[in-house]
Amino acid sequence: KGRKNIFEQMEQKLQQDSSEKLWIHCASLGEFEQGRPLIEALKKLYPRYKILLTIFSPSGYEVQKNFKGADYIFYLPSDGKLHAKLFYDIIDPKLILFIKYEFWHYYLNEAKRRNIPLLLVSGIFRKEQPFFQWYGNFHRGMLSCFTHLFVQNKMAEALLETAGIKNVSVSGDTRFDRVLQVADNFQHISQIENFCAGSTVIVAGSTWLEDDEELDHYINTNPDMRFIIAPHDIGKERLEECKALYKLSVLYSEYLHLKTEHSNAENINTIIINNIGMLKLLYAYGTICYVGGGFGGDGVHNVLEPAVYSKPVVFGPVYDKYIEAIELADCGGAFPVEDALELEAQFNELLNDKPLYEKACNKAGNYVRNKTGATQQIMQYIYEKRLLTN
């Protein structure tokens with residue numbers, strides 16, 4: 001639905017605009033957050049260019065369609081030879097940045113054909129991907145379209161070299177810059193502060209049903225603690241699941257209307273967040289933070305958002321695809337658990353062992369702060385290669 005008449009929309013909005021443009025593409029909300037520090041840096045240093053942002057998924061587009069840091073925001077039209085040609089004819093970008101992944105054959109090849117600089121930002125690669133298989137010529141061809149690839153780690157660089165791709169730099173991940181930016185410009189949420197006041201607090205973010213089923217016993221048997229649950233999906237059915245599992249819970253939108261002296265408010269130990277966008281701030285209120293996704297789906301979600309506040313992070317067993325989760329666990333800032341019993345034991349150990357808790361806090365915060373700087377490195381490349389002019 002969002003793509004319907006997309007080219008007409010683009011032509012209508014852009015036909016009167018003769019300024020030069022940058023095109024930045026993000027798959028979804030996570031990649032948008034990853035690209036945001038770069039978008040803001042480009043806007044600040046090269047203000048004469050207009051920024052056109054495309055997003056593939058509705059979950060990303062619907063949340064960020066009014067983002068003020070970009071001049072134009074559209075769904076990415078479906079990939080195809082004619083679509084790619086028409087897209088470039090309309091926007092004529094001077095520089096293109098793809099964030100992390102999504103490799104669209106015709107869009108990439110059209111950029112190469114038109115000799116437009118094309119950068120990959122915070123790329124991450126695994127040896128199982130088609131690029132590195134005997135049958136991967138088609139996919140390797142897409143990689144050859146990039147002017148330069150900025151990757152998160154040396155493993156990605158080494159894999160690309162096996163595929164004959166050498167125009168690569170290890171820059172780290174711009175998400176570290178983004179989470180630090182959020183923490184440094186922290187916005188207080190007074191209603192949450194009132195709820196948490198003086199209590200031990202566990203914030204569980206991006207939870208799926210599988211996570212909630214591991215958490216519910218601990219939450220229901222600790223009525224004196226405070227819990228904030230931010231489900232990954234906030235559809236009606238999903239929120240009902242959460243309310244059924246957490247016996248002393250209320251939706252955040254309902255909590256805002258409860259009077260503090262109301263008898264019902266005294267019996268609440270859990271707030272279920274039913275909006276998108278607050279989570280990256282909520283982690284600051286946790287004594288311990290739990291990140292969902294590790295008990296099902298593709299794996300654990302963004303562990304950097306809580307770690308930046310120097311909070312110990314707990315998550316489920318599925319995290320092997322996420323280098324930051326592996327590294328955070330290895331350094332002692334995070335604690336993977338296998339089941340509900342281990343989860344409860346880990347919570348209790350952190351809460352009862354002050355030296356362990358303080359060490360985990362320091363390890364988590366330092367891990368994030370020591371990994372910042374990717375945005376600056378990419379901006380330096382753009383400046384030195386004169387890809388844009390002031």
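User: How many aromatic pairs does the structure hold?
Analyst: The structure holds 27 aromatic pairs. Keep in mind that this is a predicted model.

User: Give me one. How do the rings of Trp 23 and Tyr 107 sit?
Analyst: Their centres are 5.8 Å apart and their planes meet at 65 degrees, so the pair is edge-to-face. Trp 23 belongs to strand β1 (residues 21–26) and Tyr 107 to helix α5. The pair links distant parts of the chain, 84 residues apart.

User: Is Trp 23 buried or exposed? And Tyr 107, buried or exposed?
Analyst: Trp 23 is buried, at 0% relative accessibility. Tyr 107 is buried too, at 0%.

User: Which residues do ring pairs link into a cluster?
Analyst: Trp 23 and Tyr 107 are in it, together with Phe 87, Tyr 88, Phe 98, Phe 103, Phe 125, Phe 131, Phe 132 and Phe 146.

User: What does Phe 125 touch?
Analyst: Leaving out residues up to four places away in sequence, its contacts include Phe 103, Phe 131 and Phe 132. Among the others are Leu 120, Leu 143, Leu 149, Val 151 and Ala 156.

User: Which residues touch the most other members of the largest nonpolar core?
Analyst: Phe 125 is one of them, along with Trp 23, Leu 42, Leu 53 and Ile 382. That core has 68 residues.

User: New topic. How many salt bridges are there?
Analyst: The structure holds 21. In one, Glu 33 pairs with Lys 280, with the closest N and O atoms 4.0 Å apart. Glu 33 is in helix α2 (residues 29–45) and Lys 280 in helix α14 (residues 279–282), so the bridge ties together parts 247 residues apart in sequence. Glu 33 counts as buried, at 12% relative accessibility.

User: What about Asp 212 and Arg 238, how far apart are the closest N and O atoms?
Analyst: They are 2.3 Å apart in that salt bridge. Asp 212 lies in helix α10 (residues 209–220) and Arg 238 in helix α11 (residues 236–245), so this pair ties together parts 26 residues apart in sequence. Asp 212 is buried, with a relative accessible area of 0%. Arg 238 is buried as well, at 8%.

User: And Arg 114, which residue does it bridge to?
Analyst: Asp 89, with the closest N and O atoms 2.8 Å apart. Arg 114 sits in the loop between α5 and β5, and Asp 89 in helix α4 (residues 81–91). Arg 114 is partly exposed at 27%, and Asp 89 is partly exposed at 42%.

User: Which residues are linked with them in a network of salt bridges?
Analyst: Lys 85, Glu 110 and Arg 113 join Asp 89 and Arg 114 in that network.

User: Last one, strands. Are both faces of β12 covered or open?
Analyst: Covered. Ile 288 and Tyr 290 are buried on one side, Cys 289 and Val 291 on the other.

User: Which strands does β12 pair with?
Analyst: Strand β8 (residues 201–207) pairs with β12 in the parallel sense over four bridges. Ala 204 stands opposite Tyr 290 there. Strand β13 (residues 313–315) also runs parallel to β12, joined by three bridges. Val 291 stands opposite Phe 315 in β13.

Conventions. Residues numbered from 1 in each chain as written. Predicted model: local features only at pLDDT ≥ 70, side-chain atom pairs only at ≥ 80, totals over all residues. Heavy atoms only, no water. Salt bridge = Lys/Arg side-chain N within 4 Å of Asp/Glu carboxyl O. Helix = DSSP H or I, 4+ residues; strand = E, 2+ residues; numbered from the N terminus. Buried < 20%, exposed > 50% of the residue type's maximum accessible area, 1.4 Å probe, protein only. Core = buried A, V, L, I, M, F, W, Y, C linked by side-chain atoms within 4.5 Å. Contact = heavy atoms within 4.5 Å. Pairing = 2+ DSSP bridges. Phe/Tyr/Trp six-rings, centres within 6.5 Å; stacked < 30°, edge-to-face > 60°.
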